[in-house]
Structure formats: structure tokens, C-alpha cells
Amino acid sequence: MALAITDATFEEVVLQSDKPVVVDFWAAWCGPCRMVGPVIDEIATEYEGKAIVGKVDVDANQEFAAKYGVRNIPTVLVFQKGEVVGRQVGVAPKKTYTDAIDALL
């Protein structure tokens, strides 16, 4: 399962991580987000110990969604050493996300 990331935990979990971090910005009412969600959960399991994979519910946590210009969901951001190194807006195949992580490992 992907880690639930909130505005309160974002800095510690994402920005201070020494591993690559994948963050899925989503909302419960968003149909395409429900398609991406299970894929993100699979990736979280597959990359456990190698990368951090989490989700931010944009309805409850708007600070970092706004900071990183997330206007459409789902948006998946990839972070390395606190910097955004990848962005995928909309639904994409699982390989798109895993390739982004693999490039950083």
C-alpha cells in the first residue's frame, strides 16, 4: 500500500528522503485517480525498501499541491533529494512510473 502523505508529513517523508519518492496527488471523487490508485499501490509494494511511494489527497492537503502547481489530478510527481525530477499528469501505464523510479536507482 502507498503511504498516506499529508501537508504535515510531506517535508519529512518526501523532501528529506534519501530515496527516490513518488507522490500521487489524487482525490476520492476523481475517476481517473481511481484507475491510477491500484497501480501506485502495486508500485509501493514492488519498490518497498528502494523507493518511497505515497499519495496526497488534495481535498484534505492543499499546501504542497499548490506549491508544486498541481492543477489537474491525478498528477504523479517524482522527487530525488527534495527536487521534482519527473511529472506525469493524467493516467499513464505502470511502466511510465516504474521507468521513472528505475532511472533514479
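**Aromatic pairs in a predicted model**

A search of the whole structure finds five aromatic pairs. This is a predicted model, in which local features need pLDDT of at least 70, side-chain atom pairs count only at pLDDT 80 or more, and totals for chains, interfaces and linings use all residues. Residues are numbered from 1 along each chain as its sequence is written, and side-chain values use heavy atoms, with hydrogens and water left out.

Me: What makes Phe10 and Phe64 a stacked pair?
Reply: Rings of Phe, Tyr and Trp (its six-membered ring) pair if their centres lie within 6.5 Å, and planes under 30 degrees apart count as stacked, over 60 as edge-to-face and the rest as tilted. The centres of Phe10 and Phe64 are 4.2 Å apart with 10° between the planes, and the pair is therefore stacked.

Me: Where in the chain do the two partners lie?
Reply: Phe10 is in helix α1 (residues 7-15) and Phe64 in helix α3 (residues 63-67), 54 residues apart, where helices are DSSP runs (H or I, at least four residues) numbered from the N terminus.

Me: Why is Phe10 called buried?
Reply: Buried means under 20% relative accessible area, exposed over 50%, and partly exposed in between (1.4 Å probe, protein chains only). Phe10 has 1% relative accessibility and so counts as buried, and Phe64, at 4%, is buried as well.

Me: Why is the pair of Phe10 and Tyr68 called tilted?
Reply: The ring centres of Phe10 and Tyr68 are 6.0 Å apart and the planes stand at 35°, so this pair is tilted. Tyr68, with a relative accessible area of 15%, is buried.

How values were computed: Helices (H or I, at least four residues) and strands (E, at least two) are DSSP runs, numbered from the N terminus.
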